[in-house]
Number of protein chains: 2
Amino acid sequence: MSEGMQDASNAEPGLAIICGGGSLPFALADAAARRGRRVVLFALRGWADPQRVAGYPHHWTWMGQFSRFMRLAAAEGCRDVALIGSVSRPSLWRIRPDLRVLRLMPQILSLFRGGDDHLQSGIGRLFEQNGFRLLGPKEIAPELLMSHGLVGAREPNARDRADIVRAVTLLNATSPFDIGQAVIVAENQVLAVEGPEGTDRMLARVAELRRNGRIRSAAGTGVLVKAVKIGQDHRIDLPSIGPQTVEMAGAAGLAGLAVVAGSTIVAEPERIAAVADRAKVFVAGVDDDGTLR
Amino acid sequence: MSEGMQDASNAEPGLAIICGGGSLPFALADAAARRGRRVVLFALRGWADPQRVAGYPHHWTWMGQFSRFMRLAAAEGCRDVALIGSVSRPSLWRIRPDLRVLRLMPQILSLFRGGDDHLQSGIGRLFEQNGFRLLGPKEIAPELLMSHGLVGAREPNARDRADIVRAVTLLNATSPFDIGQAVIVAENQVLAVEGPEGTDRMLARVAELRRNGRIRSAAGTGVLVKAVKIGQDHRIDLPSIGPQTVEMAGAAGLAGLAVVAGSTIVAEPERIAAVADRAKVFVAGVDDDGTLR
């Protein structure tokens, strides 16, 4: 209400970003700020990077402090909320439930059965039921999403393209089972399906299998493909790739990696292009059937 | 043609067992011998256990010595062939092709594209085209296969049974992709899908994820389920479980393991029962839809 007599009721509401680990929360905050949004970080203790959080208006919070979040977010004029950054599925002991959360406990406990999809849609509902609007990167800053085509100089060859299509088809088949969002396929052989270990560990596993000679395809073949699960809430936990993913794909002897355009976060495309060229891997944004136009 | 003037044309033909690593080849040889079959081992160098091979009529052979195999098998009066024991998919350099194999090279190279199913059906055809009858454990000694019901004292509870059904459903969905034959599911969450690393390493991975707190379900929950792939050649590479699998399932904090009755080799049920009881895991033979009657 200070400078310029801005009327809060007409201004775009503030954006509360509940942020976990990694650099994605800051990429989202910066992109929202560039669009003139007022941003307040709700930094999750144990996950968000304190040094980077310090550069933004912020509140530290424990996972589960829902009343506190609602009170502070309202005081900050935030009705829009985004959830971003890495948090492994919280162990119950890492959550510090406040009173409201304790009242919601039956609902929350039921979220902890089933896979990630189930947990996510439940979290979405929780915010909506309490008057918040949950937004995803797509609504806030679509420029953070992978576009169709190549990042970096290398291109997939015909065999790589066939591997991408096979990987996407497999991801579609496993999607109802609420498993990982990534698989690795080389010369038509499935080398790995991601579980709770995450993409980086899956890549490390394939690198080891290759060293041990348990994979017949030569180094320089194989693709990592990440895709959003069918029916997944796009506002929460879109798959993402960063420079480290690209680096590790190179170390695992893959030809490259592909993600579904429009539903994968690529926060630092320039850095990714540089790393991809150095690691000699391609990075492709493909259609949801795996084709690269 | 010596003792008893036995007429070779009426006698059951000799059985050539091409044997890889592990104890399954000897379990099959013993079971065949108990049924009065004359057995000759063709022990694969680098895979078969020399000490145990020595106890049977045998020839050592390199993978790929197909003419030599045919000559020796014919001289031994073997028209029936079984392939059993662990061999990881051979690297091309581990194969010592003879002349006939070199002539068949285009056909063989094409086997090395695609997953295991493709390789297996090709191997089957190769023997059949050359006048051999390829037999599986089911035809030779059905007593080696898991029967419906429990091995050992422990039983799956309702939650475990639901996990088994989910695991079997997932295996059916991934079956067309020619991946591993095993998955681990705990409280409805998929913890791992087996790739070329094999069952033991997959179990080690889950044990580690559990130690690191990346799996929310408590120790004592979760099932390992192995199933034959749909359309897989049952004569080659049926899934198997041994005492080590059971031991590692216990170490990974699983409640138990289940396999499809009638299409999984369980060579040492008594030892498995003992190990299962000590490791406090159940071992169940289930229907191909995952139900335990």
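Reader: Which exposed residues does the face of α11(A) turned away from its buried side carry?

Author: This is a predicted model, in which local features need pLDDT of at least 70, side-chain atom pairs count only at pLDDT 80 or more, and totals for chains, interfaces and linings use all residues. Residues are numbered from 1 along each chain as its sequence is written, while chains are lettered from A and ligands numbered from 1 in the order in which they are written. A residue is buried if 20 or more other C-beta atoms, placed from the backbone, lie within 10 Å of its own, exposed if 12 or fewer, and partly exposed in between. On the face of α11(A) turned away from its buried side, the exposed residues are A:Glu270 and A:Arg278.

Reader: Which residues of helix α11 in chain A are buried, and within what arc do they fall?

Author: Helices (H or I, at least four residues) and strands (E, at least two) are DSSP runs, numbered from the N terminus. In α11 of chain A, residues 269–279, the buried residues are A:Ile272, A:Val275 and A:Ala276. They line one face of the helix, because seen down its axis (by the directions from the axis to the C-beta atoms) they fall within an arc of 100 degrees.

Reader: What covers the buried residues of α11(A)?

Author: Contact here requires that the C-beta atoms of two residues, placed from the backbone, lie within 7 Å. By that criterion, the cover of the buried residues of α11(A) includes, in chain A, β6 (149–151), β10 (240–241), α10 (243–251), β12 (265–266) and β13 (282–286).

Reader: At what angle do the axes of α10(A) and α11(A) cross?

Author: Axes are lines fitted to C-alpha atoms, for helices over the stretch in contact, and angles run from 0 to 180 degrees between N-to-C directions. Angles under 35 degrees count as roughly parallel, over 145 as roughly antiparallel, 65 to 115 as roughly perpendicular and the rest as oblique. The two axes come within 9 Å, and α10(A) is therefore roughly parallel to α11(A), with a crossing angle of roughly 10 degrees.

Reader: Which residues of α10(B) and α11(B) meet, and how do they divide by class?

Author: In chain B, the axes of α10 and α11 come within 9 Å and cross at roughly 10 degrees. From α10(B), B:Pro243, B:Val246, B:Glu247 and B:Gly250 meet B:Arg271, B:Ile272, B:Val275, B:Ala276 and B:Ala279 of α11(B). Ala, Val, Leu, Ile, Met, Phe, Trp, Tyr, Cys and Pro count as nonpolar, Asp, Glu, Lys and Arg as charged, and the others, Gly among them, as polar. By class, this contact has six nonpolar, one polar and two charged residues.

Reader: Is A:Asn188 buried or partly exposed?

Author: A:Asn188 is found in the loop between β7 (182–186) and β8 (189–193) of chain A, and its phi is near 75 degrees, a positive value in a residue other than glycine. Because A:Asn188 has 16 C-beta neighbours inside 10 Å, this residue counts as partly exposed.

Reader: Is B:Glu187 buried or exposed?

Author: B:Glu187 lies in the loop between β7 (182–186) and β8 (189–193) of chain B, with a positive phi near 45 degrees. With 21 other C-beta atoms within 10 Å, B:Glu187 is buried.

Reader: How many residues has chain A, and what percentage of them is buried?

Author: Chain A has 11 helices and 13 strands. Of its 293 residues, the buried ones make up 46%.
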